[in-house]
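I opened my notebook for this one and worked through it a topic at a time. Here is what I looked up, in the order I looked.

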Amino acid sequence: MRQISFAVALNEALKEEMRRDPVVFVAGEDIGKMGGLFKVTQGLLEEFGAGRVLDTPISEAAIAGLGVGGALVGTRPVIEFQFLDFITIAMDQIINHAAKLRYMTGGMVSVPLVIRAPVCGGIGLGAQHSQSLEAWFVHVPGIKVVMPATPRDAKGLLKSAIRDDNPVLFLEHRRLYAATGEVPSGDHMVPLGTAEVKREGSDVTVVATGRTVSLALAAADRLSEQAIKIEVIDLRTLKPFDMQTISNSVGKTNRVVVVNDGWRTCGYAAEIVASIQSECFYDLDFPVQRVCNKDAPMPAAAALERSLMVSEEQIVAACSAAMSS
Amino acid sequence: MCLIRAFEREIHVLNKDGLVSGTAHLYIGMEAIAVGACAAMADGDFLTSTHRGHGHCIARHLDPARMMAEILGRSDGYCRGKGGSMHITDRSKGVLGADGIVGGGIPIAVGAAYGLRLMNKSSVVFCFFGEGASNQGSFHEALNLAAIQRLSVVFICENNQWALSAPFVATTAGGSVAKRAAAYGIVGEEVDGNDIDAVFAAATRAAGRAREGLGPALIECQSYRWEGHSIFTRQEIRQQEEIDDWKRRDPIERCRRKLIETQMASAEDLALIETEVGAEIARAAEFAKSSPNPDESSALEDIYA
Ligand SMILES: Cc1ncc(C[n+]2csc(CCOP(=O)(O)OP(=O)(O)O)c2C)c(N)n1
């Protein structure tokens, strides 16, 4: 099968959905003429015109409102924040409006809105351009949260997100954009809410998200040299998440490490750990381990940044600890 | 102005050598705004800056060596390597910080002015921001609050015509930032941002009114950035003709010509300045490059006071 990059896979998903459905439109900063800072919207302006590819002013609150309002009247907006950090300016529209309008209207309206945003930790941009805020959104009823780890899933999940009738936050890790992999051409869909077992193993289950999936797979390779067999689960959708796949795996391995590159305290991993302990308690042979970014804002200096971020070594150490008794 | 330009050129070189930690947004072409406006500042005044903040810091006499160390992510940097280019801060010199969030610093300037008034200080806060930021809600909320409270803020819009890939006219309704002042009942003025005297005069007037308790003003300075948006964003969508046209209106060259014509300085005086600047930048780069990386343990320090 052909290999394309994560960024091209996303671009393909957008183009296919825009061709299929004339009410899909995209809006955001520098997405038109420039094709987006990370090239995800390249070529859209040329193909679909300025009416459906809107270069907005730097006005994040208005961009989000444009999405909510557009969705309310029956279009399917895909809005982009240039960095996830800038979504903070748009929180009212997303949390108080997009997430709640269906419920507050007793099911009368729906908000089919996709919010795309790159997560940029690890490239030296400092504390206001590096945050993994997925836990904030997972906390709020009414929003779905998706975080692909491979080009194949990037395409399939984005297409599903666009067809979903709910607000979907779609998180793209900056360090994955250039990653290449096999991606089916045409209408390849990955349903929201399904995890994937990326590697089978019988000793320890590693549940990972986004960028950390490849770290977990690398850790699994390393541990296989010590005859430790790791099962790696890529959650793919953070909310609603696929508990069934996790519990099936834990039933087999009895040991779990949960990996997420957001902050540890009240982070996304905490929810997975809590769910595992309440639903799989009698299967567990060892306390559930957590590998997360350290609880500090992201520094600019590369050496400091590395020391705070999830690494392959930490995953190896957590798996070894889980195997220690 | 020469120091700012030489500083930014050196950042270019350091970036080519792979030494810059993260990104940097260069101020080349806009030097007259920072220098002209900061010359109107008095002791005890403050400023808030932007992602394109090196010029403001140098105009407030921050040490280029420590700025450069910060940009390289080294331990002798102003923020111990934690901030990088977008967050250089020196409270002791009145620099409340550059800012990575477009429009982030504007309400902070208003808060600073409020706090200073509460402490019976007659200080003025100079608030720098790009024209792109004038489309953020924070700009409008801050102007309204400052106006209604008659706070001592000089809002200085650096209109370099482009916000990343967005041309001013295509994204900014009304075609003027200065005119937005009228909606809030405050003085709005547009000046040639490449004319250091014009910027200085407008900033001096605005600061003077503020010190008399007459409230905020908004100055829109027309200028242009010569370089790409950042050292990170290499793609250039502006027309070369337009860039060249603005380069012919070089603020430094204009100032130099005027100084010589008015016999305020001789060509030799100006050459001496260039030499001194060159030496200072060389010293700064040497200092920054030899500054050690921050110790890993510091990554978990400074989170709480
Ligand atoms: C809230 C927010 N949105 C978007 C960005 C990304 N961004 C950084 S600088 C920039 C353009 C800013 O334009 P302007 O304010 O005119 O300043 P200039 O870069 O032209 O000096 C953009 C879109 C950001 N840093 N913060």
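**Salt bridges**

I started with charges, and I counted 40 salt bridges over all chains of the structure. I kept in mind that this is a predicted model. A quick reminder to myself: side chains of opposite charge can pair when their charged atoms come close.

I picked one pair to look at, A:E172 with A:R116, and their closest N and O atoms are 2.6 Å apart.

**Where chain B meets chain A**

Next I went to the interface. Chain B puts 34 residues into the contact, and chain A puts in 32 residues. I noted about 2,500 Å² of area buried between the two chains, with 65% of that coming from carbon and sulfur atoms.

For polar contacts, though, I wrote down nine residue pairs between the two chains, with both residues at pLDDT 80 or more.

**The second largest pocket**

Then I went looking for open space. The second largest pocket holds about 500 Å³. Its lining has 19 residues, and the closest ones to the pocket centre are B:M1, B:C2, B:L3, B:V35 and B:I273.

I checked which helices build the lining. In chain B, α1 (2-16), α2 (31-38), α3 (54-59), α11 (251-261) and α12 (267-290) each give at least two residues. The largest share is four residues, and it comes from α11(B). What kinds of residues line this pocket? I sorted the lining into 16 nonpolar residues, one polar and two charged.

**A closer look at B:S138**

I zoomed in on B:S138, which is in helix α6 (residues 137-148) of chain B. In sequence B:S138 is 34 residues from B:G104, yet their C-alpha atoms are 7.2 Å apart in space. Skipping neighbours within four places in sequence, I found B:S138 in contact with B:G103, B:I106 and B:P107. The side chain of B:S138 also reaches the backbone oxygen of B:G103, at 2.9 Å.

Last, I checked some backbone angles. A:K239 and A:P240 are joined by a cis peptide bond, with omega about 0 degrees. I placed A:P240 in the loop between β12 (237-239) and α9 (243-253) of chain A.

Where is B:R80? I found B:R80 in the loop between α4 (64-71) and α5 (105-118) of chain B.

Methods. Residues are numbered from 1 along each chain as its sequence is written. Chains are lettered from A and ligands numbered from 1 in the order in which they are written. This is a predicted model: local features need pLDDT of at least 70, side-chain atom pairs count only at pLDDT 80 or more; totals for chains, interfaces and linings use all residues. Side-chain values use heavy atoms; hydrogens and water are left out. Contact means heavy atoms within 4.5 Å. Buried area is the accessible area (1.4 Å probe) that two parts lose on being put together, summed over both. A polar contact is a pair of N or O atoms within 3.5 Å; within protein, one must be able to donate a hydrogen and the other to accept it, and residues adjacent in sequence count only if both atoms are side-chain atoms. On a 1 Å grid over the protein atoms alone, a cavity is a set of points where a 1.4 Å probe fits but cannot get out, and a pocket is an open set with protein on both sides within 12 Å along at least five of seven lines; lining residues have an atom within 4 Å of a point. Grid points are joined across faces, edges and corners, and a volume is the space filled by probe spheres set on the points. Ala, Val, Leu, Ile, Met, Phe, Trp, Tyr, Cys and Pro count as nonpolar, Asp, Glu, Lys and Arg as charged, and the others, Gly among them, as polar. A salt bridge is a side-chain nitrogen of Lys or Arg within 4 Å of a carboxyl oxygen of Asp or Glu.
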